[in-house]
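Reader: I would like to learn how to read a model like this one, feature by feature. Please give the general idea first and then the case at hand.

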Amino acid sequence: MQEENNSKKKNNTKTEDNEKMEYGEKIKHNKKMENDGIKKNNGKKDNNTIGGRIKQVMLLLVGISVGVVALVSSVLNYISTISTVKQLMEETVAITADRIVQEILSVQNIVTELGTEESLADDTLSPDEKQELVNRRVKQYGMELGKFISTNGICEADGTDYNDRDYFKRAMKGEVVITDPIKSKTTGKLSVIIASPVWKNGDSSTGKVNGVVFLLPQSTFLNEIVSSIQISKNGGCYIINADGMTVANSNTALAEKQFNMAEEAKKDSKYKSGAGLEKKMADGETGYGTYRSEGKKLVQAYAPVNLESANDWSVAIHAPLSDFMTETIIGIVISIILLIVAVGAGINTARIIGNNIGEPIKVCTERIRLLAEGDLTSEVPHSERKDEIKVLTDATEKITLSMKNVINDMDTKLGSLSDGKFNIIIDTDSLYVGDYKGLIASIKHLKENLNRTFLDIQEAAKQVSLGSDQMAESAQGLAEGATEQAAAVQELQATVSAVTQGLEESKKEAGNASVFAGELVKGLSKSSREMEELVSAMNNITETSHQISNIIGEIEAIASQTNLLSLNAAIEAARAGEAGKGFAVVADQIRQLADDSAKSAVNTRELIEKSIQIVENGNEVTIHTSESMKEVVEGVNTIATAAKGSAAAAQEQAGMMEQILHGMNQISDVVQANSATAQQSSATSEELSAQAEHLNEMTNQFEL
């Protein structure tokens, strides 16, 4: 049995060693696979790391921020440019309108002053003298032409009739008139005519007109004014009247053509957007607008020319929008360049920040991953920084060292427990902090429970050993008593046989009954005493059997307690895991021993109960036989006193003796069975004692 246990221990040790080797090989294989994976991923961008995500977020943030800034800057720059252009053109067109008014008023003042010249109103001067006066003014102010018209509508200096001219008619009514450009019949050129009434005596307050004088500025007068307005490189300026006809234009060809966009728009749809703006100009509005012409987007500002003497003129300045967008485009290009530079700087900054944050975290997570795989010896990362990275690396180091100390301490203590040393001192509570405290408490509880369990097993083994010794002694005594009973029964059988033979002879020799009666009385008296001894012996057998039955009950209780202890030991061994495998084998052996003891006790109980039953039956037969013997004695005495008895009584006595002989045979069989049962109980007790001793030897291996 001891060799079998040693063999099982060796096999368990080999199995544990194999499992450790397999576990080590698995760890090596996993590390090799991880290293291969790292090599395969070298040079590839890992977007699942914190560093990679920080880079992505920063790049996205920088890209979006710079892009939004560039876009907003470009849009604002564009809007600002448009707003500036609008404001510039509106202010310029207002200034242009004022300038035109001032230029025309300066000429108008010359003509008005000439109309108040008393010489022109003097009837004593000849027409030539009056014309000479006008010519001097024309020359003085650089005019194209000037004439004095009499009240009859005739220029008497050259005989030209002006009665059909609208400006003559209006001037005769006392108005100062500025005409639209009209083709001069004299010069054949488009010119603006400024006419003024000549007041009698040179006094306009009289209300009497004594003729009309007009001056004709240079034909390029208005064109020169609008041409001098240069809003941009490709910009222009023009004046239209209330009918939309061009009065002056920086493009003199359009001025000479007297271009009318409203009329042209009826023929060609490309002039519609521009015609809409000129419609507003013709209505005397002030404003700003855009339109397309020849594939270009033009911006235009317009304002009325406030001259009472003019025919509702309106001036406009226009220019391609592209003329004003150069700086804006340069700004947008600069914004794009700055965007590229900022993105490049953002990429570099994101890389630096991502590496500074991501790399330490990656190192720490890699160390924690190795720790999760059971690696307690690899180097722990360190950091000299003073921020959260330092906290992370310190925490990683603390976790690793704490787990290493706890695992090493547990390995030492569980190793001692697995070696059967339950007397170790646990004084490393300081290593177990936080939730680890439950672990050291469990180890202490396990050690105390195992120690207490084995002490209980030792005590139970001692009790089993003592009980088995007592049982063996009782069984030995029972066997000896049964042997003595068997001898007494054999003697009784011989006696009964002799009595039977005597009865036969008594039957044959009825005449000699009185002679033999005395001898028979003596023999029967002796048999009666022997029967009483037999009854006493049978009672002793019964009492001894009951004692054996009680002992068997105690053995069964011990076996049941041993089985319960083995079950508790098996449970504690299962909780101990690998460290409790050896103890689980011991618990299993104890359980088998308890089962064998229980089975042997049950078998012994059954045999003893059968023996008790048989002994009780034999006891009844013996009592009956004893009573019969008494009756025989009384009968023999009757025969002796009745002198010689009868053959019939002898025959009856012979039958009774046969019954006694048959009962004695049964008693003999019962006694022999009791003897065999007692011997078997003795052998079982010896085996139980040996098992208890073996259990003591097994538990003595543990240091408690």
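Reader: Which residues have the most contacts inside the largest nonpolar core?

Author: Some ground rules come first. This is a predicted model, in which local features need pLDDT of at least 70 and side-chain atom pairs count only at pLDDT 80 or more, while totals for chains, interfaces and linings use all residues. Residues are numbered from 1 along each chain as its sequence is written, and side-chain values use heavy atoms, with hydrogens and water left out.
Author: A nonpolar core is a set of buried Ala, Val, Leu, Ile, Met, Phe, Trp, Tyr and Cys residues joined through side-chain atoms within 4.5 Å. Buried means under 20% relative accessible area, exposed over 50%, and partly exposed in between, with a 1.4 Å probe and protein chains only. Here the largest nonpolar core has 47 residues, and L222 and W313 have the most contacts inside it. Helix α2 (residues 50-115) gives the most to this core, 11 residues. Helices (H or I, at least four residues) and strands (E, at least two) are DSSP runs numbered from the N terminus.

Reader: Which residues does L222 touch?

Author: Contact means heavy atoms within 4.5 Å. Not counting residues up to four places away in sequence, L222 touches I104, V192, V247, A248 and W313. Another core, of 12 residues, lies apart from the largest one and includes A171, I193, A195 and V212.

Reader: How many helices and strands does the chain have?

Author: The chain has 15 helices and 13 strands. Of its 704 residues, 41% are buried. Among contacts between residues at least 6 apart in sequence, 67% join residues at least 24 apart.

Reader: What is the strand order in the open sheet of 5 strands?

Author: Strands of a sheet pair through backbone hydrogen bonds, either parallel or antiparallel. Two strands count as paired if DSSP finds at least two bridges between them. In this open sheet the order is β10-β9-β13-β12-β11, and the pairing is antiparallel. The edge strands, β10 (246-249) and β11 (287-293), each pair on one side only. Neighbouring strands of this sheet are turned by 25 degrees against each other on average, direction ignored. For such angles, axes are lines fitted to C-alpha atoms, for helices over the stretch in contact, and angles run from 0 to 180 degrees between N-to-C directions.

Reader: Where do the side chains of β9 point, and are its faces covered or open?

Author: In a regular strand the side chains alternate between the two faces of the sheet. In β9, G236, Y238 and I240 lie on one side and C237 and I239 on the other, and all of them are buried. Strand β9 (residues 236-240) pairs with strand β13 (residues 314-320) over 5 bridges. Within that pairing, G236 stands opposite H318 and I239 stands opposite V315. With β10, β9 forms 3 bridges in the antiparallel sense, and A248 is the bridge partner of I239 there. The hairpin of β9 and β10 has 5 residues between the strands, and G244 in this hairpin takes a positive phi near 85 degrees.

Reader: Why do the buried residues of α9 line one face of the helix?

Author: The test is an arc, taken from the directions from the helix axis to the C-beta atoms. The buried residues of α9 are G274, A275, L277, E278 and M281. Seen down the axis of α9, they fall within an arc of 160 degrees, so they line one face. The face turned away from that buried side carries the exposed residues K272 and K279.

Reader: What do the buried residues of α9 pack against?

Author: They pack against β9, α8 (261-267), β11, β12 and β13. Helix α9 (residues 272-282) lies across β9, β11, β12 (296-304) and β13, at about 155 degrees to β11. Just after α9, G284 takes a positive phi of about 80 degrees.
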